[in-house]
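Dear colleague,

Please find below the structure that I am handing over to you.

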Amino acid sequence: MDLVYLDNNATTKPAPEVVESMLPYLTELYGNPSSVHRFGQRSRQAIEEARSQVARLIGCSEAEILFTGGGTESVNTAVRGLLAARQPRRNVVTSTVEHSAGRELCAQLEKEGAEVVAVEVDEGGTLDLDQLRDALRGDDVALVSIMWANNETGVLSPVAEVAALCRERRVPFHCDGTQAVGKVPVDVAALGVDAMSFAAHKFHGPKGTAGLFLRRGLRHRPLLIGGPQERGRRGGTENVPGIVGIGKAAELALQSLPQMQRVLQLRDRLESRILETIADTRVNGRTDQRLPNTTNVGFYQLEAEAILLLLSEQGVCASAGAACSSGSLEPSPVLRAMKIDDRYAHGAVRFSLSRYTTPAEIDQALAILPKVVQRLRAVLPVA
Ligand SMILES: Cc1ncc(COP(=O)(O)O)c(C=O)c1O
């Protein structure tokens, strides 16, 4: 059975070039980058080369890049680090559709005494800029942390507008760019953000390696204390193979950006064929401001989990917005925040493509999906 991998927002296949670039640093080039000897300094050079590759991908200088151990760590580093540096201000402004990395962190910060304001989105998933403006009125705002591309729907936030509002109020803006970086052109300077998180495994790099852009001069406190690495911004011996891998992945992502047009066409074909051939389906989230690789389709009155299981039996990998909590399937907080009709939200399936997705995979998914839906609808109780 051929694998049809349409779950690239969860993680992507490591590019063969990435794996190859990492191998020497997992085998013979194992020196510690902090060592003074030449052997260690080869690892140091490899890290600095990776920093340049990543800086080119997002349009900043090398000194503004900090490597972390994953997207979640990057988000924690940014938000906690900015909050600590802006004491006694304790107000954190975020959105209602953040990834759990941001959402659960904010819930924890609230327990620790921060005051969190979550700006709402409309049914299309777009941030309410008027609410954001209101949230920024007080003098107690420590930072704004809002995602760029939503991991479930692919909907893009108006990042440049958010950045402009934050700048007006002199409030630092961290943008969780984990799903956007590597898929859309990024220029942090033009966007005007102060900090941006991204993770290698979302753009064909290794898992557990990520980065954080911190604008030069931004006041920030380190999250991990215990060593001078990363200019004192993250203590601990660096993950050299992972960092080499994120560098190579960044270089390839930049070269491959034009290919996202082909990915978009494949995504659009998948989406439009589903809507045409399967009754009672709809796309969740606006379709004009969206990642080129993502579609979130609601199947009326079905449970996404059941669809995924049957798809998986036939080799098709996709993802659900719903998560099983206390025995009942709850629609995802993202779809709930968008006020998507429950009968569509329960049956929300995310298909996410990559530059490795082939037309044959899309055809296979399109051949299997209608049968899966038919099978499930055949056993639905009559309303
Ligand atoms: C928007 C967003 N932020 C943060 C993360 C967390 O990244 P990681 O799983 O690498 O820690 C993800 C992962 O799915 C994400 O989609």
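In this predicted model, a backbone N or O atom of glycine 71 lies 3.1 Å from an oxygen atom of the ligand. A polar side-chain atom of aspartate 176 is 2.7 Å from a nitrogen atom of the ligand, and an N or O atom in the side chain of threonine 178 is 3.4 Å from a ligand nitrogen. The ligand on its own exposes 390 Å², of which the protein buries 85%.

The residues around the ligand are Gly71, Thr72, His99, Ala101, Met147, Asn151, Asp176, Thr178, Gln179, Ala199, His201 and Lys202.

The side chain of histidine 174 makes a polar contact of 2.9 Å with the side chain of serine 145.

The salt bridges come next. Side chains of opposite charge can pair when their charged atoms come close. The count for this model is 21 salt bridges. One of them joins arginine 44 to glutamate 238, with the closest N and O atoms 3.2 Å apart. This pair links distant parts of the chain, 194 residues apart: arginine 44 belongs to helix α2 (residues 38-58), while glutamate 238 sits in the loop between α8 (229-232) and α9. Arginine 44 is partly exposed, with a relative accessible area of 22%, whereas glutamate 238 is buried, at 7%. Both residues take part in a network of salt bridges that links Arg44, Glu48, Arg51, Glu230 and Glu238.

Helix α9 itself comprises the 17 residues 240-256. At 1.5 Å a residue, helix α9 should span 24 Å, and its end C-alpha atoms are 24 Å apart, which agrees. Asparagine 239 caps the N-terminal end of α9, where a side-chain oxygen lies 3.0 Å from the backbone nitrogen of glycine 242. Is this helix enclosed or exposed? Because 13 of its 17 residues are buried, α9 is largely enclosed by the rest of the structure.

Two further salt bridges lie within helices. An α-helix has 3.6 residues a turn, so residues three or four places apart point the same way. In α9, lysine 248 and glutamate 251 are three residues apart and are therefore separated by about one helical turn. They form a salt bridge whose closest N and O atoms are 3.2 Å apart. Lysine 248 is partly exposed at 23% relative accessibility, and glutamate 251 is partly exposed at 26%.

In helix α10 (residues 260-277), arginine 273 and glutamate 276 are likewise three residues apart, and so about one helical turn separates them. The closest N and O atoms of their salt bridge are 3.1 Å apart. Arginine 273 is partly exposed, with a relative accessible area of 38%, while glutamate 276 is exposed, with 55%.

With kind regards

Note on methods
Residues numbered from 1 in each chain as written. Predicted model: local features only at pLDDT ≥ 70, side-chain atom pairs only at ≥ 80, totals over all residues. Heavy atoms only, no water. Helix = DSSP H or I, 4+ residues; strand = E, 2+ residues; numbered from the N terminus. Expected span 1.5 Å × (residues − 1). Buried < 20%, exposed > 50% of the residue type's maximum accessible area, 1.4 Å probe, protein only. Polar contact = N/O pair within 3.5 Å; in protein donor to acceptor, adjacent residues only side chain to side chain. Near = heavy atom within 4 Å. Areas by Shrake-Rupley, 256 points an atom, 1.4 Å probe, with all protein chains shown as cover. Salt bridge = Lys/Arg side-chain N within 4 Å of Asp/Glu carboxyl O.
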